[in-house]
Amino acid sequence: MITLELQEVEIDHCTDCGGIWLDAGELELLLGELENANQLLNSFKIDHTSTEKTRKCPICLKKMRKIIVGSSKPVILIDKCRKGDGLWFDKGELQDIFDRAELDKDNKIQKLLADMFGQEHSNNKQ
Ligand SMILES: [Zn+2]
């Protein structure tokens with residue numbers, strides 16, 4: 001894992017799998033100034049039906065919960081520590097979330113993510 005700085009928030013990035021770990025509160029910091037942020041954060045739902053493999057929290061090493069983000073299909077499933085240590089995003093999921101949140105297409109974080117993690121999930125949809 002390497003640590004990257006995004007908008008003054010430290011994020012941990014696994015260079016092997018492309019995943020991203022955010023400590024508790026960091027997603028809120030990243031989304032902080034964005035208009036649709038609350039709507040997105042309020043859309044988090046615990047998923048009880050997913051068969052996706054559960055991950056272990058990198059901090060407490062307990063199995064994490066699957067959380068559904070947003071309502072559009074296919075759903076985005078992220079992993080959340082049961083104790084609240086933080087959130088895990090598989091490769092591309094954080095960018096997907098920003099895409100789905102219908103945030104300002106020119107927003108800084110989108111651009112930074114695209115710069116850091118490649119263009120594959122960025123917007124070419126105009
Ligand atoms: Zn944990």
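**Entry 1: order of elements**

I read the elements from the N terminus on, and they run β-β-β-α-α-β-β-β-β-α-α. I find four helices and seven strands in the chain. Helices (H or I, at least four residues) and strands (E, at least two) are DSSP runs, numbered from the N terminus. I note that this is a predicted model, where local features need pLDDT of at least 70, side-chain atom pairs count only at pLDDT 80 or more, and totals for chains, interfaces and linings use all residues. Residues are numbered from 1 along each chain as its sequence is written, and side-chain values use heavy atoms, with hydrogens and water left out.

I looked up burial next. Buried means under 20% relative accessible area, exposed over 50%, and partly exposed in between (1.4 Å probe, protein chains only). Of the 126 residues of the chain, 44% count as buried.

Then I went to α3, which covers residues 93-100. Why is α3 largely enclosed by the rest of the structure? Six of its eight residues are buried, so the rest of the structure largely encloses the helix. The buried residues of α3 are Glu93, Leu94, Gln95, Ile97, Phe98 and Asp99. I recall that an α-helix has 3.6 residues a turn, so residues three or four places apart point the same way.

Ile97 has a relative accessibility of 1% and counts as buried. I checked Ile97 against Gly70: the two are 27 residues apart in sequence, and their C-alpha atoms are 8.0 Å apart in space.

**Entry 2: salt bridges**

I set the rule first: a salt bridge is a side-chain nitrogen of Lys or Arg within 4 Å of a carboxyl oxygen of Asp or Glu. By this rule I get three salt bridges.

I started with Lys66 and Glu52, whose side chains meet in a salt bridge at 3.0 Å, N to O. Lys66 lies in strand β5 and Glu52 in the loop between β4 and β5, so the pair ties together parts that are 14 residues apart in sequence. Lys66 is buried, at 6% relative accessible area. Glu52 is partly exposed, at 34%.

Lys66 also forms a salt bridge with Asp79, with the closest N and O atoms 2.7 Å apart. This pair links distant parts of the chain: Lys66 is in strand β5 and Asp79 in strand β6 (residues 76-80), 13 residues apart. Asp79 is buried, with a relative accessible area of 0%. I therefore log Asp79 as buried. Glu52, Lys66 and Asp79 are linked in a network of salt bridges.

Asp90 and Arg55 also meet in a salt bridge through their side chains, at 2.7 Å, N to O. This pair links distant parts of the chain as well: Asp90 is in the loop between β7 (86-89) and α3, Arg55 is in the loop between β4 and β5, and they are 35 residues apart. Asp90 is buried, with 17% relative accessible area. Arg55 is partly exposed, at 30% relative accessibility.

**Entry 3: charged patches**

I went over the surface for patches. They are made of residues with over 30% relative accessible area and no salt bridge; like charges are joined within 9 Å, nonpolar side chains (Val, Leu, Ile, Met, Phe, Trp, Tyr) within 5 Å. Lys and Arg count as positive and Asp and Glu as negative, while His and the chain ends are not counted.

Which residues gather in the patch of positive charge? I list Lys53, Lys56, Lys63, Arg65, Lys80 and Arg82. Lys53 sits in the loop between β4 (45-46) and β5 (65-69). Lys53 is exposed, with a relative accessible area of 74%.

Glu5, Glu8, Glu10 and Asp23 form a negative surface patch. I placed Asp23 in strand β3 (residues 20-23). Asp23 counts as partly exposed, at 30% relative accessibility.

**Entry 4: cysteines**

A disulfide is a pair of cysteine sulfur atoms within 2.5 Å. How many disulfides does this rule give? The count comes to zero. For Cys17, the closest cysteine sulfur is in Cys14 at 3.6 Å, which is too far for a bond. Cys17 is partly exposed, at 35% relative accessibility. Cys60 counts as buried, at 19%.

Definitions and conventions: Accessible areas come from the Shrake-Rupley method with a 1.4 Å probe; for residues, only the protein chains shown count as cover. The place of a charge is taken as NZ of Lys, CZ of Arg, CG of Asp or CD of Glu.
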